[in-house]
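Subject: Structure for you to look at

Hello,

I am handing over the structure we spoke about. Please have a look at it below; my notes on it follow.

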Amino acid sequence: MENFISIFPGIQSFFQMPPEMAIARLLLIGLGFLLLYLGCKDVLEPLIMVPMGVGICLVNAGMLMMPDLADPNKQKLGTMFLDSMVNTPTDHINALQVYFLQPIYALTFSNGLIACMVFLGIGAITELDFFVGNPKLSLMLAIPAELGTFLTFPIAIAMGFTPRESAAIAVIGGADGPMVLFASLQLAKNLFVPISIISYIYLSVVYSGYPYLIKALVPKKLRGIPMKEMKIIKVSSEEKIAFSIVTGTVLSLLFPVAAPLFVSFFLGVIIRESKVTRYIHFADDVILTGSTLFLGFLLGCLLSADIVVNPQMFKLIVLGFVALFLSGVGGLLGGYVVCWLSKGKINPLIGIAGVSCVPSTAKVAHKCANEANEEAFILPYAMGPNIAGVITTAILTACYVTKVQML
Amino acid sequence: MSVRDAFIFALNIYLTGTAITFIIWILIVAVSRFTKKG
């Protein structure tokens, strides 16, 4: 029997690892199937969940005993996908010869390039009209929607994480995938994989989870405010380009450590507004689509059994939920304040769009308003705080990355 | 780092972020006026 099993190293590897790891592997294969199914059914965000589900499923199936790169005389359990733990230049060169995804991981993940490419693509599809036309309202709503980014830090400290790890976890509250990737790569490389995977799974759940929060906290009468009296101010492309270059320069001056993120986002916006069609297609169809595919697939391939059995994983699952829950509550509180200040003319649901997660939270706000009142069409208004949320999350991420490194 | 220190640190970050957001708002208003004049 043993000889027969040895023909199939993937099955044999189940018997060569501790039982808890083998069970975790089986569960992860099941999780991969589940994420793929929910992604295909549009329950979770398919752009990330489909490649991630495939990655999780196949990386945990395709394990085998192979030579350890650090000491070729030893054998260790691994895959032919990639090794995220290589450190020395020699190990990097050796890994490039063995693992088929290592070139993409080494060139785009370990330096944060993938986050910048996603951000460039997001910039190229972002409509800034309502934000630049109504900056006060948009920014006023984005600030309270960062409640999770603020309060998760002390909660993570209380749960035993270091300040650098806590800051990387707190950024999940900003609900912006590229920012979470960037912060965890800068501050907590040891937790980069679990933090990124948890944040992307939660961000996919936002679309189906936030409506329950909205219905629990906002009465139907307020959810149905149509906002008909509010005009959308048309903003010229020149104004948006001027805003992007000035804001990008000022933010880069203030936080050079996060300059790659700022430059990527504002370059994307400027490409869109400069109306160079070929660049717009390249940024959207090629860079954003390609980097989202590889982001999902590589994150899935990084989720192996040893990461799941890490005792910190459960704490991260709790903290990720807490961060996004608090940000949602903060956003709705901000919505209530502007609704009260406008004497009931502004729908409080646009507050939750300040949580960022472009454009999911804006769509959620619109969907819930539309369910309460068929005449309520708040999507264009919700896009303002939605974009402001991206900018405030970038600012808070830059503050954390800069200040935590000084501790 | 105690939880109290962590709270104060995070509050500091949050208020810094709010102040910078205020600067961004001023920048948008300034850029808007400048481009409209131009």
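Chain A is divided into two parts: domain 1 covers 1-63, and domain 2 covers 112-225 + 234-404. Please keep in mind that this is a predicted model.

Domains of chain A

The C-alpha centres of domain 1 of chain A and domain 2 of chain A are 30 Å apart. Their contact draws on 20 residues of domain 1 of chain A and 18 residues of domain 2 of chain A. On the domain 1 side, helix H3 (19-40) and helix H4 (46-61) of chain A each contribute at least two residues. H4(A) gives the largest share of that side, eleven residues. By class, the side of domain 1 of chain A that touches domain 2 of chain A holds 13 nonpolar, four polar and three charged residues.

Chain B has one helix and zero strands. Its C-alpha trace spans about 55 × 10 × 5 Å along the principal axes. Chain B has 38 residues, of which 26% count as buried. Where chain B meets chain A, the contact takes 21 residues from chain B and 29 residues from chain A. The chain B side of this contact consists of 15 nonpolar and six polar residues, with no charged residues.

Helix packing in chain A

How do helix H7 (residues 113-124) and helix H17 (residues 277-302) of chain A pack, and at what angle? The angle is about 140°, and the axes lie 8 Å apart. H7(A) and H17(A) are therefore oblique to each other. The crossing of H7(A) past H17(A) is left-handed. From H7(A), the contact is made by A:Ile114, A:Met117, A:Val118, A:Leu120, A:Gly121, A:Ile122 and A:Ala124. From H17(A), the residues are A:Ile280, A:Ala283, A:Asp284, A:Ile287, A:Leu288, A:Ser291, A:Thr292, A:Phe294 and A:Leu295. Sorted by class, the residues of this contact are twelve nonpolar, three polar and one charged.

Helix H11 (residues 163-170) of chain A has eight of its eight residues buried, so it is largely enclosed by the rest of the structure. Among the buried residues of H11(A) are A:Arg164, A:Glu165 and A:Ser166. A:Pro163, A:Ala167, A:Ala168, A:Ile169 and A:Ala170 are also buried residues of H11(A).

Loop residues in chain A

Most residues other than glycine have a negative phi.

A:Asp42 has a positive phi, near 70°, and is a residue other than glycine. A:Asp42 sits in the loop between H3 and H4 of chain A. A:Asp42 counts as exposed, with 11 C-beta neighbours inside 10 Å.

A:Lys275, also a residue other than glycine, has a positive phi near 60°. The loop that holds A:Lys275 runs between helix H16 (259-273) and H17 of chain A. A:Lys275 counts as exposed, with 9 C-beta neighbours inside 10 Å.

One further loop residue is A:Asn190, found between helix H12 (177-187) and helix H13 (192-217) of chain A. Is A:Asn190 buried or partly exposed? A:Asn190 is partly exposed, because 15 other C-beta atoms lie within 10 Å, and a residue counts as buried if there are 20 or more and as exposed if there are 12 or fewer. The C-alpha atoms of A:Asn190 and A:Met85 are separated by 9.2 Å, while the two residues are 105 residues apart along the chain.

Regards

Methods. Residues are numbered from 1 along each chain as its sequence is written. Chains are lettered from A and ligands numbered from 1 in the order in which they are written. This is a predicted model: local features need pLDDT of at least 70, side-chain atom pairs count only at pLDDT 80 or more; totals for chains, interfaces and linings use all residues. Domain bounds come from an automatic or database domain assignment. Two residues are in contact if their C-beta atoms, placed from the backbone, lie within 7 Å. Helices (H or I, at least four residues) and strands (E, at least two) are DSSP runs, numbered from the N terminus. Ala, Val, Leu, Ile, Met, Phe, Trp, Tyr, Cys and Pro count as nonpolar, Asp, Glu, Lys and Arg as charged, and the others, Gly among them, as polar. Axes are lines fitted to C-alpha atoms, for helices over the stretch in contact, and angles run from 0 to 180 degrees between N-to-C directions. Angles under 35 degrees count as roughly parallel, over 145 as roughly antiparallel, 65 to 115 as roughly perpendicular and the rest as oblique. A crossing is left-handed if the near helix is turned anticlockwise from the far one by less than a right angle, and right-handed if clockwise.
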